[in-house]
Amino acid sequence: MTGNDVYEEMRAVLAKVGRRLGMPIKDARLLRLHSNALFLLPGRDLLIRIATNPDALGGIKSSVEVTRWLAKRDFPCVFPAEVNDQPFSIHGHAVSFWRYVEASPAPAPSSGELGEILRCLHAQPLSISVGRFRDPLDSVAQTIEITRHGISLDQRQWLADRITELRRAWSEVTFPHSPGLIHGDAHPNNLMRASSGRAILGDWDHVAVGPREWDLMQVHYMHRRFGHPSAEQLDEFARAYGWDVRDWPGLSLLVAIREISGLSPYVRTASTKEFSRKELARRVNSLQRGDAEVRWASPPAEG
């Protein structure tokens, strides 16, 4: 196994997990390999998430603690499995365990439901210990610095300069609302319809106390770069939440930061995934040209 082969590295970590817990994992099926390697153990309805980011353990600890707390408050979210001492680190990768949610294919969760869920989340009392929202560009800055795959030297320098520019603007921004408990990556792809009919929010790796506007920005980033939600659904989202982030002039800055911060997993996996290499090139090229009309692609399911 080479150090750059992300898939084989995740499989090696999974094997260590099985030995550590005395858990058979030969039937584990890879569902996704992007920011995390997501494996399903069908016989146990258990999801094993292995972070590809070597600095993810702190955030994963928060995600386990916060979702366990929220689930007790009947908040619509995924929740961790009862595995002792989780999450833990193996070979520098954070490993966590989650109850598998049987998803219903229809109807798809609506933008209004996402707005309602975020309104409820942002109203939660800060009665649980959770870290502050950190520099949203820190991960991509570190990844670009240490990775030599998928981007040229000129592109790396352009990204470094762009990150410096955006960090300066971020340090000067004034948010209209006080900080609160935020999801950190609250876009429609992280919302699912459970078989019970309830819409629930998943992927809590970035949960923190931070600017609520960061959560509200995500749907606008998705609309700009992926074409969904639609303009009408953005209106529905704002009505459900009770405030429209488009009325705040700082929205464009947050979208620009999100465009750059989202490059991290593509840079990390560009050496072994053709999709990551091609998508990274498409995204960086469009950013360099200042072309906001280019549609980006989401990573495919691994099947």
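Modeller: Ground rule for strands: two of them pair if DSSP finds at least two bridges between them. This is a predicted model, so local features need pLDDT of at least 70 and side-chain atom pairs pLDDT 80 or more, while totals for chains, interfaces and linings use all residues. Residues count from 1 along each chain as its sequence is written, and side-chain values use heavy atoms, without hydrogens or water.

Colleague: In what order do the 5 strands of the open sheet come?
Modeller: Strands are DSSP E runs of at least two residues, helices H or I runs of at least four, numbered from the N terminus. The edges are S1 (29-33) and S4 (88-90), each pairing on one side only. With antiparallel pairing, the order is S1-S2-S3-S5-S4.

Colleague: Which residue in S3 is the bridge partner of Leu 40?
Modeller: S2 (residues 36-41) and S3 (residues 46-51) run antiparallel, joined by 6 bridges. In S3, Leu 40 finds its partner in Leu 47.

Colleague: Is Asp 215 buried or exposed?
Modeller: Asp 215 sits in helix H6 (residues 212-226). The cut-offs are under 20% relative accessible area for buried and over 50% for exposed, with partly exposed in between (1.4 Å probe, protein chains only). Asp 215 has 0%, so we call it buried.

Colleague: Which side chain does Asp 215 join in a polar contact of 2.8 Å?
Modeller: Beyond four places in sequence, Asp 215 is in contact (heavy atoms within 4.5 Å) with residues including Leu 118, His 122 and Ile 182. At 2.8 Å, the partner of Asp 215 is His 122.

How values were computed
Polar contact = N/O pair within 3.5 Å; in protein donor to acceptor, adjacent residues only side chain to side chain.
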